[in-house]
Amino acid sequence: MSWTNPRFDYHGASVLVTGGSSGIGAGIATAYREAGADVTITGTRPRAADYAADLAGLRYLQLQLEDDAGIERVAAALPRLDILVNNAGIVRDNSIFNMTVEDFDAVLKVHLRGTWIPCKHAAVHWRAINKATGAKVDGRIINTVSGAGLTGNFGQTNYAPAKAAIASLTQTLSLELYKMGVTVNAVGPAAATRIT
(Lines give C-alpha, C1' and ligand atoms only; values in the text may rest on other atoms or scores of the structure.)
Protein backbone atom coordinates (compact mmCIF):
# COMPACT_ATOMS: atom_id res chain seq x y z
CA MET A 1 0.00 0.00 0.00
CA SER A 2 1.37 3.41 -0.96
CA TRP A 3 0.63 6.63 0.96
CA THR A 4 2.39 8.83 -1.57
CA ASN A 5 0.38 11.95 -2.40
CA PRO A 6 -2.94 10.99 -0.71
CA ARG A 7 -6.15 12.79 -1.79
CA PHE A 8 -8.92 14.00 0.49
CA ASP A 9 -12.39 15.37 -0.22
CA TYR A 10 -13.66 18.18 2.00
CA HIS A 11 -16.32 19.58 -0.33
CA GLY A 12 -19.08 21.16 1.74
CA ALA A 13 -16.92 21.56 4.86
CA SER A 14 -16.46 24.94 6.51
CA VAL A 15 -12.97 25.36 7.95
CA LEU A 16 -11.42 28.11 10.09
CA VAL A 17 -7.62 28.29 10.34
CA THR A 18 -6.31 30.88 12.78
CA GLY A 19 -2.93 32.18 11.70
CA GLY A 20 -3.64 30.84 8.22
CA SER A 21 -1.99 33.74 6.43
CA SER A 22 1.59 32.46 6.42
CA GLY A 23 3.83 29.51 7.19
CA ILE A 24 2.30 26.25 8.41
CA GLY A 25 -1.15 27.85 8.72
CA ALA A 26 -1.16 28.91 5.07
CA GLY A 27 -0.11 25.40 4.08
CA ILE A 28 -2.96 23.87 6.10
CA ALA A 29 -5.49 26.33 4.68
CA THR A 30 -4.30 25.73 1.12
CA ALA A 31 -4.55 21.96 1.55
CA TYR A 32 -8.15 22.24 2.78
CA ARG A 33 -8.97 24.64 -0.08
CA GLU A 34 -7.50 22.23 -2.63
CA ALA A 35 -9.59 19.45 -1.08
CA GLY A 36 -12.73 21.47 -1.74
CA ALA A 37 -13.43 23.05 1.63
CA ASP A 38 -14.76 26.57 2.21
CA VAL A 39 -11.81 28.02 4.14
CA THR A 40 -11.60 31.13 6.29
CA ILE A 41 -8.23 32.24 7.62
CA THR A 42 -7.19 34.87 10.13
CA GLY A 43 -4.13 37.06 10.31
CA THR A 44 -3.04 40.22 12.07
CA ARG A 45 -2.56 42.45 9.01
CA PRO A 46 -5.40 44.53 7.50
CA ARG A 47 -5.66 42.60 4.21
CA ALA A 48 -4.79 39.20 2.78
CA ALA A 49 -2.78 41.01 0.09
CA ASP A 50 -0.39 42.17 2.83
CA TYR A 51 1.06 38.64 3.00
CA ALA A 52 3.53 36.97 0.66
CA ALA A 53 1.66 33.63 0.59
CA ASP A 54 -0.83 32.83 -2.18
CA LEU A 55 -4.12 33.20 -0.32
CA ALA A 56 -6.38 33.15 -3.39
CA GLY A 57 -9.66 31.37 -2.77
CA LEU A 58 -9.43 31.83 1.01
CA ARG A 59 -11.71 34.14 2.97
CA TYR A 60 -9.61 36.48 5.11
CA LEU A 61 -10.57 38.02 8.46
CA GLN A 62 -8.23 40.22 10.44
CA LEU A 63 -7.80 39.07 14.03
CA GLN A 64 -5.56 39.88 16.95
CA LEU A 65 -5.94 36.94 19.35
CA GLU A 66 -5.38 39.28 22.30
CA ASP A 67 -8.63 41.03 21.29
CA ASP A 68 -11.64 39.19 22.74
CA ALA A 69 -14.06 41.37 20.78
CA GLY A 70 -12.21 40.45 17.59
CA ILE A 71 -12.64 36.76 18.35
CA GLU A 72 -16.36 37.41 18.89
CA ARG A 73 -16.54 39.14 15.48
CA VAL A 74 -14.85 36.22 13.74
CA ALA A 75 -17.18 33.74 15.46
CA ALA A 76 -20.22 35.80 14.42
CA ALA A 77 -18.96 35.94 10.83
CA LEU A 78 -19.01 32.13 10.60
CA PRO A 79 -22.59 30.89 10.57
CA ARG A 80 -21.27 27.38 10.03
CA LEU A 81 -18.14 25.65 11.29
CA ASP A 82 -17.08 22.05 10.77
CA ILE A 83 -13.33 22.19 11.41
CA LEU A 84 -11.38 24.57 13.65
CA VAL A 85 -7.60 24.67 13.28
CA ASN A 86 -5.91 26.69 16.04
CA ASN A 87 -2.56 27.57 14.53
CA ALA A 88 -1.89 31.25 15.29
CA GLY A 89 1.00 32.11 17.55
CA ILE A 90 3.87 34.42 18.35
CA VAL A 91 7.42 33.95 19.56
CA ARG A 92 9.17 36.18 22.10
CA ASP A 93 12.27 34.14 22.88
CA ASN A 94 14.76 35.12 25.55
CA SER A 95 16.57 33.55 28.48
CA ILE A 96 14.83 33.56 31.85
CA PHE A 97 17.27 36.31 32.88
CA ASN A 98 16.18 38.65 30.12
CA MET A 99 12.56 37.69 29.40
CA THR A 100 10.08 40.30 30.55
CA VAL A 101 6.77 39.61 32.25
CA GLU A 102 5.13 41.30 29.26
CA ASP A 103 6.75 38.83 26.85
CA PHE A 104 5.75 35.92 29.05
CA ASP A 105 2.15 37.09 29.31
CA ALA A 106 1.86 37.91 25.60
CA VAL A 107 2.94 34.43 24.49
CA LEU A 108 0.69 32.67 27.00
CA LYS A 109 -2.25 34.88 26.01
CA VAL A 110 -1.88 34.39 22.26
CA HIS A 111 -1.15 30.67 22.39
CA LEU A 112 -3.18 29.27 25.28
CA ARG A 113 -6.00 31.77 25.72
CA GLY A 114 -6.05 32.33 21.95
CA THR A 115 -6.67 28.61 21.50
CA TRP A 116 -9.12 28.19 24.39
CA ILE A 117 -11.52 30.96 23.33
CA PRO A 118 -12.05 29.72 19.73
CA CYS A 119 -12.48 26.19 21.13
CA LYS A 120 -15.14 27.48 23.51
CA HIS A 121 -17.01 29.25 20.68
CA ALA A 122 -16.88 26.11 18.53
CA ALA A 123 -18.04 23.89 21.41
CA VAL A 124 -20.98 26.17 22.22
CA HIS A 125 -21.93 26.32 18.51
CA TRP A 126 -21.81 22.54 18.16
CA ARG A 127 -23.67 21.90 21.42
CA ALA A 128 -26.54 24.11 20.20
CA ILE A 129 -26.76 22.04 17.01
CA ASN A 130 -26.54 18.80 18.99
CA LYS A 131 -29.34 19.88 21.33
CA ALA A 132 -31.53 21.14 18.50
CA THR A 133 -31.17 18.04 16.33
CA GLY A 134 -30.25 15.28 18.76
CA ALA A 135 -27.63 14.17 16.23
CA LYS A 136 -23.89 14.06 16.60
CA VAL A 137 -22.29 17.06 14.94
CA ASP A 138 -19.09 15.56 13.49
CA GLY A 139 -17.05 18.64 14.45
CA ARG A 140 -13.26 18.72 14.46
CA ILE A 141 -10.74 20.75 16.46
CA ILE A 142 -7.05 20.57 15.58
CA ASN A 143 -4.62 22.40 17.87
CA THR A 144 -1.01 23.13 16.96
CA VAL A 145 1.45 22.11 19.66
CA SER A 146 5.24 21.69 19.61
CA GLY A 147 7.95 19.31 20.67
CA ALA A 148 9.16 22.17 22.85
CA GLY A 149 6.10 21.57 25.01
CA LEU A 150 7.37 18.09 25.82
CA THR A 151 11.11 18.64 26.04
CA GLY A 152 11.48 22.35 26.74
CA ASN A 153 13.70 24.61 24.69
CA PHE A 154 16.37 27.12 25.62
CA GLY A 155 15.01 30.67 25.67
CA GLN A 156 11.36 29.57 25.61
CA THR A 157 10.17 29.62 29.22
CA ASN A 158 6.99 31.18 27.80
CA TYR A 159 6.46 29.31 24.51
CA ALA A 160 7.27 25.77 25.67
CA PRO A 161 4.90 25.85 28.69
CA ALA A 162 2.17 27.40 26.50
CA LYS A 163 2.45 24.53 24.03
CA ALA A 164 2.46 21.96 26.85
CA ALA A 165 -0.72 23.55 28.19
CA ILE A 166 -2.36 23.37 24.75
CA ALA A 167 -1.57 19.64 24.64
CA SER A 168 -3.31 19.24 28.00
CA LEU A 169 -6.21 21.41 26.82
CA THR A 170 -6.56 19.16 23.77
CA GLN A 171 -6.76 16.03 25.92
CA THR A 172 -9.28 17.61 28.27
CA LEU A 173 -11.51 18.90 25.46
CA SER A 174 -11.48 15.50 23.79
CA LEU A 175 -12.98 14.04 26.98
CA GLU A 176 -15.61 16.77 27.24
CA LEU A 177 -16.75 16.87 23.61
CA TYR A 178 -16.59 13.33 22.24
CA LYS A 179 -20.17 12.45 23.16
CA MET A 180 -21.39 15.19 20.81
CA GLY A 181 -19.38 13.67 17.97
CA VAL A 182 -16.54 16.18 18.19
CA THR A 183 -12.95 14.98 17.94
CA VAL A 184 -10.10 17.09 19.31
CA ASN A 185 -6.53 16.40 18.23
CA ALA A 186 -3.16 18.09 18.29
CA VAL A 187 -0.41 18.20 15.69
CA GLY A 188 3.15 19.05 16.59
CA PRO A 189 5.19 20.18 13.59
CA ALA A 190 8.94 20.12 14.13
CA ALA A 191 11.78 21.95 12.48
CA ALA A 192 13.29 20.04 9.58
CA THR A 193 16.64 18.49 10.39
CA ARG A 194 19.16 17.33 7.85
CA ILE A 195 21.21 14.33 8.85
CA THR A 196 24.52 13.93 7.04
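A salt bridge here is a side-chain nitrogen of Lys or Arg within 4 Å of a carboxyl oxygen of Asp or Glu. The model is predicted, so local features need pLDDT of at least 70 and side-chain atom pairs count only at pLDDT 80 or more, while totals for chains, interfaces and linings use all residues. Residues are numbered from 1 along each chain as its sequence is written, and side-chain values use heavy atoms, with hydrogens and water left out.

**View 1. Meet the whole protein chain.** Five helices and six strands make up its secondary structure; helices (H or I, at least four residues) and strands (E, at least two) are DSSP runs, numbered from the N terminus. Starting at the N terminus, their order is β-α-β-β-α-β-α-β-α-α-β. Along the principal axes, the C-alpha trace of the protein chain spans about 55 × 40 × 40 Å.

**View 2. A look at what is buried.** Of the 196 residues in the protein chain, 42% are buried, meaning under 20% relative accessible area (1.4 Å probe, protein chains only).

**View 3. Lys-163 in its helix.** You will find Lys-163 in helix H5, which covers residues 159–177. Which residues does Lys-163 touch, leaving aside its neighbours within four places in sequence? Lys-163 is in contact with His-111, Thr-144, Val-145, Ser-146 and Gly-149, where contact means heavy atoms within 4.5 Å.

**View 4. The charge of Lys-163.** Lys-163 is buried yet has no salt bridge. Its nearest side chain of opposite charge is Asp-93, 11 Å away; Lys and Arg count as positive and Asp and Glu as negative, with His and the chain ends not counted.

Note on methods
Buried < 20%, exposed > 50% of the residue type's maximum accessible area, 1.4 Å probe, protein only.
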